[in-house]
Amino acid sequence: MAIEISSERIICPKCGTAYSRRKGYFPVSYAESHKGIGHVPICKDCIDKMYSTYLSQCNDSKCAVRQVCRKLDLYWNDAVFENVMKKSSTSTVMTQYIAKLNSVSFAGKSYDNTLLED
């Protein structure tokens, strides 16, 4: 029996980098808009760069994370943000925030849910 190897390469639409797989490079997401692939379509490096750009513009981590959530259609939650800020360094805030969203209680939520709750 031959082992089947997929030659599919995943390309980040923001930076154009090709990856051999999604796992480890693209954050998992259970949001409705990412349901087809189960991952945010932009690589972790680009997400961290987006966060850094917004952080330099507004000088506020909370504002920067919320703006990235808006851009990537991710759910925004103050409690999750506060929890992440207690444990993360500046460079990993966004990655850790997305990881915390991957719990059952936030499954299927997007930025639209944030707007409905506000």
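Analyst: Helix α1 covers residues 44-58 and helix α2 covers residues 61-72; the two pack at an angle of about 135 degrees, with their axes 8 Å apart. Helices here are DSSP runs of H or I with at least four residues, strands are runs of E with at least two, and both are numbered from the N terminus. The axes are lines fitted to C-alpha atoms, for helices over the stretch in contact, and angles run from 0 to 180 degrees between N-to-C directions. α1 and α2 are therefore oblique to each other; angles under 35 degrees count as roughly parallel, over 145 as roughly antiparallel, 65 to 115 as roughly perpendicular, and the rest as oblique.

The model is predicted: local features need pLDDT of at least 70, side-chain atom pairs count only at pLDDT 80 or more, and totals for chains, interfaces and linings use all residues. Residues are numbered from 1 along each chain as its sequence is written, and side-chain values use heavy atoms, with hydrogens and water left out.

On the α1 side, Ile47, Met50, Tyr51, Tyr54, Leu55 and Cys58 meet residues of α2 that include Ala64, Val65, Val68 and Leu72. Contact means heavy atoms within 4.5 Å. The residues of this contact divide into 11 nonpolar, 2 polar and 1 charged. Ala, Val, Leu, Ile, Met, Phe, Trp, Tyr, Cys and Pro count as nonpolar, Asp, Glu, Lys and Arg as charged, and the others, Gly among them, as polar.

Helix α2 also has a part in the packing of helix α3, whose buried residues pack against α2 and α4 (93-101). In α3 (residues 78-87), the buried residues are Val80, Phe81 and Val84. Buried means under 20% relative accessible area, exposed over 50%, and partly exposed in between, with a 1.4 Å probe and protein chains only. Down the axis of α3 these residues fall within an arc of 100 degrees, so they line one face of the helix; the arc is that of the directions from the helix axis to the C-beta atoms. Ala79 and Lys86, on the other side of α3, are exposed.

Further along, Thr114 lies in helix α5 (residues 111-117). Thr114 is buried, with a relative accessible area of 2%. Leaving aside neighbours within four places in sequence, Thr114 is in contact with Arg66, Leu74, Tyr75 and Trp76.

The protein chain has 5 helices and 2 strands.
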